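Here are my notes for you to read alongside the model. Keep the viewer open and look up each residue as it comes up.

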Amino acid sequence: MELSRTMKRTGAAALLLGALLPAACAPPTGAARPGAAPGPAATREEQFVDSLLSQMTLEEKAGQLNMSPGRWSNTGPAAPVGGEDQIRRGEIGSFLGVWGAQVTHDLQRIAVEQSRLHIPLLFSFDVIHGYRTIFPVPLAEASSWDPELAGRAARVAAVEAAAGGVQWTFAPMVDIARDPRWGRIVEGSGEDPFLGSALAAARVRGFQGTDLADSLTVAATLKHFAAYGAVEAGRDYNTVDMSERRLRDVYLPPFHAGVCVGAESVMPSFNEISGVPSHANHHLITDILRNEWGFDGVVVSDYTGIMELLHHGIAADSAEAARLALHAGVDVDMVSRIYLDFLPELVRQGRVPQSELDDAVRRVLRMKYDLGLFQDPYRYSSVAREQALELTPEHRAVARRMADESMVLLRNQGATLPLDRGSVHTLAVIGPLADDQPSSLGSWAGAGRPEDAVTVLAGLRKAVAPGTTVLYEKGVPDVLSTDSSGFAAAVAAAQKADAVVLVVGETAAMTGEATSRATIDLPGVQLQLAKAVIATGKPVVTVLMNGRPLTVDWLAEHSPALLESWFLGVETGNAVADVLFGQVNPSGKLPVTFPRVTGQIPIYYAHKNTGRPPQADQHYTSKYLDVPWTPLYPFGYGLSYTTFSYGAPRLSSATIGPDDTLRVAVDVTNTGQRAGTEVVQLYLRDLVGSVTRPVEQLRGFQRVELQPGQTKTVTFSLDRNDLAFYGLDMKRVAEPGWFTVSTGGSSADVKSVNFQLTTPDGQAVAVPEGCEGRS
Ligand code: NOJ
């Protein structure tokens, strides 16, 4: 298993500041994490931090916990809002959204040279799907089911961000989301904790590398802790109320996976759970995160999250909000100023124990130490590196590969795709998103620039054969417009063409924070546009751009081909062209269920069976009068230009004991004419438990490349960790009895076999929350 962050802490050393700090504070070299075997390096780090702490006033301590806002900018380095004098007075420990090598360097100089204790600043930024080179949105990357590649994307983002002075990103967002009305579903990995955990771990590793003090890595933040994806009615910031069992079985595993691989920080969520807002949730932050999981990093509030305790109605005033948040375990106050303004006095009054303040400050100082900032506070702000990394071909190549893998082919009637480049003499490109650069970049584009994005139109223009005419019509002025006066021109273009690419969906601005939608249909009159264009009878390929599942049942039945492209980032058009012309055979699979209609939400594959599972001919069963109970597209679904067939899963044994590993083998054959990559999926069902269990749970997946006619045997291993859940008494256990193991190419297309878990005394075996088998 991975080393935890505790054990990973390596060589932060202080030299530069050693000259500035009193001798007793001279930061040492070669630290290791406290909490690991306390080696000399860990001790040196603790000594350094303690020594520094002992010199700090209460105001300086509160300053370390204060994160000041920057001015958001997508066009150049952002200037800080907070005054330089505040830095000199030691009132700012970190900045949010201040980036760019020069500006961070200049501010750092003020902190290091002009503040009393010379403590360096932290610069944080939301590097969500790329910094300068913008990658597909996280939900798209999740569609690749390729954590290794998603980790590389995070690595590229870290290298670029670090050169721009950023040392701390607020990613990965690891919220499980089963409600596509919630706009933030775009930021995560979809509905499943197993896939989500794999991606969480890979992204943390990608951002942080193996040495946080390396100037090419940044500290990662797992957010939003917790259950933010479960807001009622999909309305952002809304209430959450759920059982601790569901919380632990479904919503917490990706956080735990990220903690297990050493994530440096965690951000609480805006929502409450069962009456307790996360920013005041001692049980969540201190009992579970710190005490159960051993997390010893920084907990950073979300934007004004501490202040919002007043709106939640659990703090009567700001001082009480500060007290509650600090006590819960929130170390850093993002932009509320509440810690800065109230903590010193609260400590003087004895309302906040000095030890709580000191512990929080210690964690912030340790993070600065781990990042190597006491050794060289300017290591991240490199104008030369920043310039050298200005959209490099190497980074764009990673973005293109990621984009190639992120698309999901939903329908391909009569092999409409791939288009034959040689016989498409006229191509019509239609739709309000076909040439939309900001939307191509996606919902959270860091320091990316829209002008760098290759749109679908631009990509196709480059990719067509010489001499091919590309006609372009928007059809509607924008996605929300109800103006259909452009339909006629769009239809005329389609009629002239040998093939049509229709690009419809949402703009990037319609997804992300505060972008909940009550219906998730194609907005505006885009569906009517699609109907008019498809009525021409031409081979129409509908390319969806969107950050959430949409209800596209009509297109699913009538568009000859339907490709989910999400928002693919800077390489959008090149990647779409790769797939449309068959340079790349699509391999993505949905990380989230597509409902037929909004009223089916929440709909997800790992549901419970109920006492009355749906049966079409039985009235009193769990279903709807007006629509089928099944989804439009299930979790794990995605087509290829080739076809795959599966054998039945074979087991190494029909019975296993609690310490055994079960091996599952399945033969997968490419039965088509092209090479292709299949995401082979393994699901598990515990048939009888002390509490009800989902009908299926993902417990393994592998991307397998197969030549035409080739068969490969794919093997998976299952152990008691894979069988475990929170049982009747809320202990994590594996219970003896029968399980069904299923393998296939989607959650709704599997072959199954049963096996049995036996235990010596016939009782459940404890499977404590450890890092093993969690990611
Ligand atoms: C609010 C968002 O909820 C969070 O995800 C983000 O990191 C902060 N703003 C900072 O931008």
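1. A quick word on terms before the strands. Two strands pair if DSSP finds at least two bridges between them. Strands (E, at least two residues) and helices (H or I, at least four) are DSSP runs, numbered from the N terminus. With that in hand, look at Leu 684: its bridge partner in E26 is Val 741. Strand E21 (residues 676-686) and E26 pair in the antiparallel sense over six bridges.

2. Some ground rules. This is a predicted model, where local features need pLDDT of at least 70, side-chain atom pairs count only at pLDDT 80 or more, and totals for chains, interfaces and linings use all residues. Residues are numbered from 1 along each chain as its sequence is written, and side-chain values use heavy atoms, with hydrogens and water left out.

3. Now go to the other neighbour of E26. Strand E27 (residues 749-757) pairs with E26 in the antiparallel sense over nine bridges, and a hairpin of two residues joins E26 to E27. Two pairs to find: Thr 740 sits opposite Asn 754 in E27, and Thr 743 is opposite Lys 751.

4. Zoom out and you get an open sheet of five strands, in the order E19-E27-E26-E21-E22, with mixed pairing. At its edges are strand E19 (655-656) and strand E22 (697-706), each pairing on one side only. Why is strand E26 (residues 737-746) largely enclosed by the rest of the structure? Because nine of its 10 residues are buried (under 20% relative accessible area; exposed is over 50%, partly exposed in between, with a 1.4 Å probe and protein chains only).

5. Next, the nonpolar cores (sets of buried Ala, Val, Leu, Ile, Met, Phe, Trp, Tyr and Cys residues joined through side-chain atoms within 4.5 Å). The largest has 181 residues, and Trp 168 and Leu 343 touch the most other members. Apart from it lies another core, of 24 residues, including Leu 684 and Phe 755.

6. Strands E5, E6 and E9 form an open sheet in the order E5-E6-E9, and the pairing is parallel. Strand E5 (221-225) and strand E9 (298-299) are at the edges with a single partner strand each, so one side of each has no neighbour in the sheet. E5 pairs with strand E6 (residues 265-268) over four bridges, and Leu 222 stands opposite Val 266 in E6.

7. Check the backbone here. The peptide bond from Lys 223 to His 224 is cis, with omega near 0 degrees, and His 224 is found in strand E5. Another cis bond runs from Phe 225 to Ala 226, with omega near 10 degrees. Ala 226 is in the loop between E5 and helix H10 (244-251), and Ala 227 lies in that loop too. Ala 227 has a positive phi, near 65 degrees, though it isn't a glycine. At 1% relative accessibility, Ala 227 counts as buried.

8. Finally, which residues are closest to the ligand? Among the 14 that surround it, the closest are Asp 126, Arg 184, Lys 223, His 224 and Asp 302. A polar side-chain atom of Arg 184 lies 2.6 Å from a ligand oxygen atom, and one of His 224 lies 2.7 Å from a ligand oxygen atom.

Terms used: A residue is near a molecule or strand if one of its heavy atoms lies within 4 Å of it. A polar contact is a pair of N or O atoms within 3.5 Å; within protein, one must be able to donate a hydrogen and the other to accept it, and residues adjacent in sequence count only if both atoms are side-chain atoms.
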